[in-house]
Number of protein chains: 2
Amino acid sequence: MPNNSNPIGVFDSGVGGLTVAGALLKRLPQESIVYFGDTARVPYGVKSTATIIEYAEQITAFLLNRRVKMLIVACNSMAAVAIDNIKNLSPYPVLDVIDAGAKLAAQKTLTGRIGIIGTPATINSGAYPQAIHSYKSDCCIHTQACPLFVPLVEEGWLDHIITRLTAQEYLQPLLEKQIDTLVLGCTHYPLLKPLLQEIVGEQVQLIDSADAMAQIAATVLEASGITNTNSTAPQHSFFVTDIPYRLRAVSALALGRVIEDLQLVKLSDIALVNTDDTSRE
Amino acid sequence: MPNNSNPIGVFDSGVGGLTVAGALLKRLPQESIVYFGDTARVPYGVKSTATIIEYAEQITAFLLNRRVKMLIVACNSMAAVAIDNIKNLSPYPVLDVIDAGAKLAAQKTLTGRIGIIGTPATINSGAYPQAIHSYKSDCCIHTQACPLFVPLVEEGWLDHIITRLTAQEYLQPLLEKQIDTLVLGCTHYPLLKPLLQEIVGEQVQLIDSADAMAQIAATVLEASGITNTNSTAPQHSFFVTDIPYRLRAVSALALGRVIEDLQLVKLSDIALVNTDDTSRE
């Protein structure tokens, strides 16, 4: 059994997962968080399955070495292709944004016509349709890869004519299918929410998995008896593999506050983490 | 002295450098090429200087182990920040696209008003203005980072209204400065040449460093006495660190032909290459 005051490990291919960390900080203010963003190798969404699995296993081992009590996979691409590998490595609960988003979409849709947008890796994996069908068998799912959304968000063009045109082009085929629910299947996308809502219209509800994720995390902590009841202030750590161009600006947008204590981890240190050691800790 | 039939090592953060490899194959058909594209960690252009230098040194060591006789840095971001580090590791000539593009721009400009476009890393480094000034002291240089061009090219939107609008937005400030020469400071950009030429107008000449690079390589091989005079057919190898989404399509666009024999290298093997060993080979 882990110590209840141990942190929750949240990981992402970059800084998009900070939207999930932000929702956790808000919903579970007594919990400590260890965030890991693989900013040196982002984006994952256009990489091969084998590579995404390898990186996901490295990050899992790194976080287990930081004595986490729960893991949250905030990267849709990793959740889409590597969730079983991560679960195999972890003795603690593993939650992921795809399951959270899928569950909420299945609950919210009225017509059963659901659209999913995400990176090519997420969309090609078929993970969302599979997860949604596990919660609701009678629904009709339409997907669209949107590879330009992440670079547009990182350029800071959240409400720009070019982002609007790109979104119109990507979303048109989904709108033609008369979806009533649109899952934002990438942690960067919540930053485009106002613009996307405007394009799809009020009759389509957007599913932002960050909030859903925080709610599920609270439920699982409670059910597993590992909610932090210690009254000392929580301690958060943020690890990244690179401190690139625009990192601080995008982080502040995604998390809702500036990260003061960003810690840099060398990729060679991640690659050499021995997963066998973690079970003995 | 290396063997004259040894290959030329060409390296890039991804597949954009294949535009340079393509120009070399055309200009120097008797030379063998070893291409290395770090597709698992692309894009470099938005990473920090320290990280780009570390990766550049790893790739240099890898190529020296493949017994190359010359190195060509086809990635502007690496050339911009890591060229001295690469030269320090290599006993053989090291050429780079920034020097090639700068030299050609300095020769071609009539008014001395030169524009440079590139990734944030390339533009922020100031490497192009510095290189151009070394060839021509009296000129006026204007720069513009274009972080969205690489994802747009990789999406295959080479002649798309969104790419056109993005290019108009990026280029407008340069056009207001009445440049007569525009350096395409990223190996992906030659694929946008027709669209960019249309936007800047016929009075602005575009500098594509791939052709300039091939010409300089021929000159240096000759001057160093290491041109391949062996009559056996050249052998080319293409190494990448990941085989991602759209790799083959973008490769074919950049190189002008499909790569049949792509070889995958694990990042952990690159990171462990010992640069000290290469000098003993």
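**Exercise 1.** How far apart do the C-alpha centres of domain 1 of chain A and domain 2 of chain A lie?

*Solution.* A word on the model to begin: it is predicted, so local features need pLDDT of at least 70, side-chain atom pairs count only at pLDDT 80 or more, and totals for chains, interfaces and linings use all residues. Residues are numbered from 1 along each chain as its sequence is written, with chains lettered from A and ligands numbered from 1 in the order in which they are written.

Step 1: take the bounds, which come from an automatic or database domain assignment: domain 1 of chain A covers 8–96 + 211–278 and domain 2 covers 99–208.

Step 2: the two C-alpha centres are 23 Å apart.

Step 3: turn to the contact (C-beta atoms, placed from the backbone, within 7 Å). Domain 1 of chain A brings 29 residues and domain 2 of chain A brings 23 residues.

**Exercise 2.** Find how helices H1 and H11 of chain B are arranged.

*Solution.* Step 1: locate them as DSSP runs (H or I, at least four residues, numbered from the N terminus): H1(B) is residues 18–27 and H11(B) is residues 247–255.

Step 2: their axes, lines fitted to C-alpha atoms over the stretch in contact, with angles from 0 to 180 degrees between N-to-C directions, come within 7 Å and cross at roughly 40°.

Step 3: classify the angle. Under 35 degrees is roughly parallel, over 145 roughly antiparallel, 65 to 115 roughly perpendicular and the rest oblique; H1(B) and H11(B) are therefore oblique to each other.

Step 4: list the partners. Leu18(B), Thr19(B), Ala21(B) and Gly22(B) of H1(B) meet Ser251(B), Ala254(B) and Leu255(B) of H11(B).

Conventions
Helices (H or I, at least four residues) and strands (E, at least two) are DSSP runs, numbered from the N terminus. Two residues are in contact if their C-beta atoms, placed from the backbone, lie within 7 Å.
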